[in-house]
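The following exercises concern the geometry and contacts of one protein model. Please work through each task before reading its solution.

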Amino acid sequence: MSRTQAEAAKAAGISENTLREYLKDKEFNERYRKACGDLLRDAAQQARQGISPALETLREIAETPGNPQARIMAARSTLEYSLRLTERVDFLERLEDLEKMQREAGQ
(Lines give C-alpha, C1' and ligand atoms only; values in the text may rest on other atoms or scores of the structure.)
Protein backbone atom coordinates (compact mmCIF):
# COMPACT_ATOMS: atom_id res chain seq x y z
CA MET A 1 0.00 0.00 0.00
CA SER A 2 1.35 3.42 -0.92
CA ARG A 3 1.38 6.42 1.37
CA THR A 4 0.84 8.99 -1.36
CA GLN A 5 -0.85 9.19 -4.74
CA ALA A 6 2.55 9.74 -6.33
CA GLU A 7 3.85 6.51 -4.80
CA ALA A 8 0.70 4.65 -5.87
CA ALA A 9 0.98 5.91 -9.43
CA LYS A 10 4.64 4.93 -9.63
CA ALA A 11 3.90 1.46 -8.20
CA ALA A 12 1.13 1.01 -10.79
CA GLY A 13 3.37 2.20 -13.61
CA ILE A 14 1.15 5.16 -14.49
CA SER A 15 1.45 8.93 -14.23
CA GLU A 16 -0.09 10.91 -11.40
CA ASN A 17 -2.39 12.58 -13.95
CA THR A 18 -3.65 9.18 -15.10
CA LEU A 19 -4.28 8.20 -11.49
CA ARG A 20 -6.25 11.41 -10.92
CA GLU A 21 -8.37 10.59 -13.96
CA TYR A 22 -9.00 7.09 -12.64
CA LEU A 23 -10.04 8.53 -9.28
CA LYS A 24 -12.71 10.61 -11.04
CA ASP A 25 -14.27 7.43 -12.46
CA LYS A 26 -17.20 6.24 -10.34
CA GLU A 27 -16.72 2.52 -11.05
CA PHE A 28 -12.99 2.72 -10.34
CA ASN A 29 -13.68 4.52 -7.06
CA GLU A 30 -16.20 1.89 -5.99
CA ARG A 31 -13.77 -0.93 -6.72
CA TYR A 32 -10.93 0.96 -5.04
CA ARG A 33 -12.99 1.56 -1.90
CA LYS A 34 -14.04 -2.10 -1.83
CA ALA A 35 -10.42 -3.23 -2.15
CA CYS A 36 -9.36 -0.90 0.67
CA GLY A 37 -12.22 -2.16 2.81
CA ASP A 38 -11.22 -5.75 2.11
CA LEU A 39 -7.64 -5.01 3.17
CA LEU A 40 -8.86 -3.38 6.35
CA ARG A 41 -11.17 -6.30 7.14
CA ASP A 42 -8.33 -8.78 6.57
CA ALA A 43 -6.00 -6.81 8.84
CA ALA A 44 -8.70 -6.62 11.51
CA GLN A 45 -9.25 -10.38 11.34
CA GLN A 46 -5.53 -11.00 11.76
CA ALA A 47 -5.43 -8.56 14.67
CA ARG A 48 -8.45 -10.23 16.31
CA GLN A 49 -6.53 -13.49 16.27
CA GLY A 50 -3.92 -11.82 18.46
CA ILE A 51 -6.38 -10.77 21.15
CA SER A 52 -6.59 -14.12 22.96
CA PRO A 53 -2.82 -14.67 23.11
CA ALA A 54 -2.36 -11.07 24.28
CA LEU A 55 -4.92 -11.56 27.03
CA GLU A 56 -3.27 -14.83 27.99
CA THR A 57 0.09 -13.07 28.18
CA LEU A 58 -1.38 -10.41 30.44
CA ARG A 59 -2.93 -13.11 32.63
CA GLU A 60 0.40 -14.96 32.88
CA ILE A 61 2.21 -11.75 33.75
CA ALA A 62 -0.36 -10.86 36.39
CA GLU A 63 0.18 -14.29 38.00
CA THR A 64 3.99 -14.38 37.69
CA PRO A 65 6.29 -12.47 40.02
CA GLY A 66 8.85 -10.17 38.42
CA ASN A 67 8.91 -7.15 36.11
CA PRO A 68 8.04 -8.23 32.54
CA GLN A 69 7.43 -4.68 31.33
CA ALA A 70 8.31 -5.43 27.68
CA ARG A 71 5.75 -8.24 27.49
CA ILE A 72 3.08 -6.04 29.04
CA MET A 73 3.77 -3.31 26.49
CA ALA A 74 3.63 -5.80 23.61
CA ALA A 75 0.37 -7.30 24.81
CA ARG A 76 -1.16 -3.86 25.40
CA SER A 77 -0.11 -2.72 21.93
CA THR A 78 -1.67 -5.81 20.37
CA LEU A 79 -4.92 -5.24 22.21
CA GLU A 80 -5.08 -1.54 21.38
CA TYR A 81 -4.29 -2.16 17.71
CA SER A 82 -6.87 -4.95 17.49
CA LEU A 83 -9.58 -2.83 19.08
CA ARG A 84 -8.87 0.16 16.83
CA LEU A 85 -9.01 -2.00 13.72
CA THR A 86 -12.22 -3.64 14.88
CA GLU A 87 -13.80 -0.23 15.50
CA ARG A 88 -12.77 0.92 12.03
CA VAL A 89 -14.15 -2.20 10.37
CA ASP A 90 -17.43 -1.78 12.24
CA PHE A 91 -17.59 1.85 11.13
CA LEU A 92 -16.76 0.92 7.54
CA GLU A 93 -19.48 -1.73 7.46
CA ARG A 94 -22.06 0.70 8.86
CA LEU A 95 -21.01 3.29 6.30
CA GLU A 96 -21.29 0.76 3.48
CA ASP A 97 -24.76 -0.22 4.71
CA LEU A 98 -25.82 3.43 4.74
CA GLU A 99 -24.44 4.00 1.24
CA LYS A 100 -26.27 0.91 0.01
CA MET A 101 -29.53 2.12 1.56
CA GLN A 102 -28.99 5.53 -0.01
CA ARG A 103 -28.39 3.99 -3.47
CA GLU A 104 -31.46 1.79 -3.13
CA ALA A 105 -33.59 4.73 -2.04
CA GLY A 106 -32.38 6.73 -5.04
CA GLN A 107 -33.43 4.09 -7.56
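Axes are lines fitted to C-alpha atoms, for helices over the stretch in contact, and angles run from 0 to 180 degrees between N-to-C directions. Helices (H or I, at least four residues) are DSSP runs, numbered from the N terminus. The model is predicted: local features need pLDDT of at least 70 and side-chain atom pairs count only at pLDDT 80 or more, while totals for chains, interfaces and linings use all residues. Residues are numbered from 1 along each chain as its sequence is written, and side-chain values use heavy atoms, with hydrogens and water left out.

**Exercise 1. Packing of α2 and α3**

Determine at what angle α2 and α3 pack, and how far apart their axes are.

Solution. Step 1: the angle between α2 and α3 is about 90°, and their axes are 5 Å apart. Step 2: angles of 65 to 115 degrees count as roughly perpendicular (under 35 is roughly parallel, over 145 roughly antiparallel, the rest oblique). The two helices, α2 and α3, are therefore roughly perpendicular to each other. Step 3: contact means heavy atoms within 4.5 Å. On the α2 side Tyr22, Leu23 and Lys24 take part, and they meet Lys26, Phe28 and Asn29 of α3. Step 4: the residues of this contact comprise three nonpolar, one polar and two charged, where Ala, Val, Leu, Ile, Met, Phe, Trp, Tyr, Cys and Pro count as nonpolar, Asp, Glu, Lys and Arg as charged, and the others, Gly among them, as polar.

**Exercise 2. Packing of α1 and α2**

Describe how helix α1 (residues 5-12) packs with α2.

Solution. Step 1: the angle is about 100°, and the axes of α1 and α2 are 9 Å apart. That makes α1 roughly perpendicular to α2. Step 2: Gln5, Ala6, Ala8 and Ala9 represent α1, meeting Glu16, Leu19, Arg20 and Leu23 of α2. Step 3: by class, the residues of the contact of α1 with α2 are five nonpolar, one polar and two charged.

**Exercise 3. Aromatic rings**

Solution. Step 1: a pair of aromatic rings is described by the distance of the centres and the angle of the planes. Rings of Phe, Tyr and Trp (its six-membered ring) pair if their centres lie within 6.5 Å; planes under 30 degrees apart count as stacked, over 60 as edge-to-face and the rest as tilted. Step 2: the structure holds two aromatic pairs. In one of them, Tyr22 and Phe28 are stacked, at 5.3 Å centre to centre and 25° between the planes. Phe28 and Tyr32 have ring centres 6.3 Å apart and planes at 10°, so this pair is stacked. Step 3: Phe28 and Tyr32 both belong to helix α3 and are four residues apart, about one turn of the helix. Step 5: buried means under 20% relative accessible area, exposed over 50%, and partly exposed in between (1.4 Å probe, protein chains only). Tyr22 is partly exposed at 39% relative accessibility, as are Phe28 at 28% and Tyr32 at 41%.

**Exercise 4. Salt bridges**

State how many salt bridges the structure holds, and trace the network containing Lys34.

Solution. Step 1: a salt bridge is a side-chain nitrogen of Lys or Arg within 4 Å of a carboxyl oxygen of Asp or Glu. The structure holds nine salt bridges. Step 2: Lys34 pairs with Asp38, with the closest N and O atoms 2.9 Å apart. Both residues lie in helix α3 (residues 26-49), four residues apart, about one turn of the helix. Step 3: Glu96 and Arg41 form a salt bridge at 3.5 Å, N to O. This pair links distant parts of the chain, with Glu96 in helix α5 and Arg41 in helix α3, 55 residues apart. Step 4: Lys34, Asp38, Arg41 and Glu96 are linked in a network of salt bridges. Asp38 is partly exposed at 28%, Glu96 at 27% and Arg41 at 21%.

**Exercise 5. Ser82**

Decide whether Ser82 is buried or exposed, and list its contacts.

Solution. Step 1: Ser82 is found in helix α5 (residues 69-106). Step 2: its relative accessible area is 1%, so Ser82 is buried. Step 3: not counting residues up to four places away in sequence, Ser82 touches Ala47, Arg48 and Ile51.
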